[in-house]
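Me: Could you take me through the strand pairing in this model, with the cut-offs stated as you go?

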Amino acid sequence: MSDAGVGDKRVARLFVRLCPLNGAIVCRPHTDTSRSNKTATERSTELTVKRRHIAIIAPPTAGHINPLAALGTSLVEAGHRATIIHMADVASLVPDCSVDFAALDHPADCQGLLAEYYRRLSQPSGPVGLPRMIRGTASMTELLLKALPTAMARLRVDAVLADSVEPAGALVARHLRLPFVTAVTGLPLLREPAVPPPFLGWAYRPDAVGRNRNSGGYAVSDLLMRPISTMVSTYARRWALDPHPRHQWSALLQIAQCPVGLDFPRLALPASFRYGGPWRRDEPDAILPENDGRPLIFCSLGSLQGARRSLFAAMTTACAAVGARAVVAHGGGLSDREAQSLPGRPLVRAFWSQTRVLPLCSAAILHGGFNTVLDALAAGLPIVAVPLAFEQPATAARLKRIGAARVVSAAEAGNGGLEPALRTVLREPQYRRASRLLATDMAGAGGAAEAAAMVDAALRSDSDLRPAGPNPSDGKAACAA
């Protein structure tokens, strides 16, 4: 997430919605592809040559933990052991599955730390909120850098699955001389001159004007993200490691749940990079309490922005205006009284079995959280995107480019802009066609089973099997702080 100098004030203002994160979770039957003579199911059920204990390191949010838990479940089915390692409070985010959880067991890991971090994430923009959130993310990464070496040694970890958004996973793996695979749960963060920064809603523009614009955007990104990059570089040097950001990415495998058709065109992907499809576990059936005959529209703002009652009201009002009924998932952000006061007689819950209820719907109004977008696309739904923060504007720009969505700003949504956008995506068939085309591509990608087979093959290709321990080249204890 870092490269060049400094941009102008116009670019800086556009970065008011910067930062990584946001989420949901289907075990899809494998569809054979031409990439291999064996299916992912066959490969993943073969006797694994080396049974690894794989540490899963990720940001402490549902949008990252859920898909990685699905991938970890498939790795367990392939014969490995998988453990999510993080703050003790993160245990509440880990779904009931075959993936283990281990707390850091560090003095700085105190109760309430996760709730405080979420308070910062819920207000991720503005001259106060953005720097505060970035500092909070830097502190979270530093805690992992302090505690992970000892925790991994205690657990006798011998491989790492490192989320691309959390640099601590890759750096600690290098420090302990462990093989690691990069997991890309959101948009690919790899930098190319023609691809805009992954937290801005800029259109793809590969000409000189677009490249200059992107260069300025990356420069401002680097400036804003300096608290994180400086701290990571400090630990890299402390451990006698090259601090260059390129080492955050695995040379063995970089596996993404993003389908190739959703991303902007790429010209310089590394040989180890693979696009894919959603990593999901089976969810229980969605039981709707009643059916009043109206078509259903799924409405979600994710778990971090679910307290925006006025925006939900705009969504449910728009649904009622087009003769549809909203199915609202507020992630626990609304009180019972707020939920019951939403207009249009919507069906409202904190959480729905997302992969089960979306196929029952006719369209979706979403904030652009990556997992919910993938699930809506997998169901072949046209989308009205209302991006709020993080990588949501960039995801919305990609949806607009492929013709699967209309994009409405939060301000426009509050002023009646959702109704005409919803009418358009319901009425004009090209939006549904675009989503269905991507749904077919994602179904053929094989989901978590295919991704796990590739992770398994990459780790088997690394012949050096050892439990976690300090890098002898630095002569420092594994728990260097």
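**Strand pairing and burial**

Reply: Alanine 162 stands opposite threonine 182 in S5. The model is predicted, so local features need pLDDT of at least 70 and side-chain atom pairs count only at pLDDT 80 or more, while totals for chains, interfaces and linings use all residues. Residues are numbered from 1 along each chain as its sequence is written, and side-chain values use heavy atoms, with hydrogens and water left out.

Me: In which sense do strand S4 and S5 pair?
Reply: Strands are DSSP runs (E, at least two residues; helices are H or I, at least four), numbered from the N terminus, and two of them pair if DSSP finds at least two bridges between them. S4 (residues 159–163) is joined to S5 over four bridges, and the sense of the pairing is parallel.

Me: Which residue in S6 is the bridge partner of valine 184?
Reply: S5 also runs parallel to strand S6 (residues 254–256), with three bridges joining them. In S6, the partner of valine 184 is alanine 256.

Me: Are the residues of strand S5 buried or exposed?
Reply: Buried means under 20% relative accessible area and exposed over 50%, with partly exposed in between (1.4 Å probe, protein chains only). Phe180, Thr182 and Val184 point one way from S5, and Val181 and Ala183 the other way. Strand S5 (residues 180–184) is largely enclosed by the rest of the structure, because five of its five residues are buried.

Me: In S9, which residue is the bridge partner of leucine 296?
Reply: Strand S8 (residues 296–300) and strand S9 (residues 325–329) run parallel and are joined by five bridges. Within S9, the partner of leucine 296 is arginine 325.
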